[in-house]
Amino acid sequence: MQLIETIHEMQQIVIKLKKQSLKIGFVPTMGFLHEGHLNLIKKAKSENDITVISIFVNPLQFGPKEDLSSYPRDFDRDYQLAKSEGVDFLFYPSVSEMYPSEPSVLVTVTDRTDVLCGRSRPGHFNGVATVLTKLFHITLPDKAYFGLKDAQQVAVVDGLINDFHFPIELVPVETIREEDGLAKSSRNVFLSEKEREEAPTLYKSLLLAKQKIVSGEREYNQIISSMETYIQENTTGIIDYIEIYSYPQLKPVTGLEQKLIIALAVKFSKARLIDNIIIQLNE
Ligand code: AMP
């Protein structure tokens, strides 16, 4: 595995690889790798000639009161994990490499961000879309891999790739969970022992809601309020949102959609956890 820290070197490498008609799979991450990330890497490796991953904690996508400075990092461990997964290139730029001066152009996401995390984290998806636009130009991937744990991000990236005509195939990958159902996340290390015990409640509440929808229940407000009660009774977390929309459009449910998303965010003392389930209707 080659470690690359400059944009210029990364671009020179991928330009050469493309001249040899090699297919590039790209997995953007913020590091502190876990099995969710490793599964994206495995998928990228199985579908491409070359696998590039990036580790970059992007300041632009964190709000002023969010956890940028405390975001967990362990580069040496990440390096070893990426190497043992067979990653070909690890792109690890500094903040000053990615943002050498005040940006003169920023990407603004105009759809799919007025709900869910877009509403509770204003500016977050603009930061994501801006850094991904840079990373796509730097790594020139044929396919880019994103986890459905961040389903709204997948929907936003779908819009970015289509609207900006990136010749990239978006590959959404299922959520990897702990044995008790908790979605793997770099932020899970911030849960206290008690919160860690409570946290699988989030996924359980999603499964209960899914069961109701699959068996024909369509009173979405009631489904949401029973999820609220379930989470409030079984955790000390504060509910940020629980919402149900069409997917990937993220519009209110009309009854005509093929897919629905039930998504939630819950704040624990030091970690805000998100999770979701996507339901295929009319199967
Ligand atoms: P992050 O490092 O949190 O920005 O995540 C990098 C990529 O890994 C994103 O596409 C995430 O959606 C994905 N990811 C994070 N956690 C999981 C998980 N538990 N299962 C699948 N993908 C995940």
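Ala, Val, Leu, Ile, Met, Phe, Trp, Tyr, Cys and Pro count here as nonpolar, Asp, Glu, Lys and Arg as charged, and the others, Gly among them, as polar. The model shown in these views is predicted.

**View 1. Residues around the ligand.** The ligand is surrounded by 17 residues, and the closest are Met30, His37, Asp150, Ile176 and Lys184. Sorted by class, this shell holds six nonpolar, seven polar and four charged residues.

**View 2. Polar atoms facing the ligand.** A polar backbone atom of Met30 is 2.9 Å from an oxygen atom of the ligand. In the side chain of Asp150, an N or O atom is 2.6 Å from an oxygen atom of the ligand. A nitrogen atom of the ligand lies 2.8 Å from a backbone N or O atom of Lys184. The ligand taken alone exposes 490 Å², and the protein buries 92% of that.

View 3. Strand E2 (24–29), helix H2 (35–47) and strand E5 (143–147) are the elements that give two or more residues to the shell around the ligand. The most comes from H2, with three residues.

**View 4. The largest nonpolar core.** This core has 48 residues, and Met98, Leu132 and Phe136 have the most contacts inside it. Helix H6 (residues 124–139) supplies the largest share, eight residues. Leaving aside residues up to four places away in sequence, Leu132 touches Pro28, Phe146, Val157 and Leu160.

Technical notes: Residues numbered from 1 in each chain as written. Predicted model: local features only at pLDDT ≥ 70, side-chain atom pairs only at ≥ 80, totals over all residues. Heavy atoms only, no water. Near = heavy atom within 4 Å. Polar contact = N/O pair within 3.5 Å; in protein donor to acceptor, adjacent residues only side chain to side chain. Areas by Shrake-Rupley, 256 points an atom, 1.4 Å probe, with all protein chains shown as cover. Helix = DSSP H or I, 4+ residues; strand = E, 2+ residues; numbered from the N terminus. Core = buried A, V, L, I, M, F, W, Y, C linked by side-chain atoms within 4.5 Å. Buried < 20%, exposed > 50% of the residue type's maximum accessible area, 1.4 Å probe, protein only. Contact = heavy atoms within 4.5 Å.
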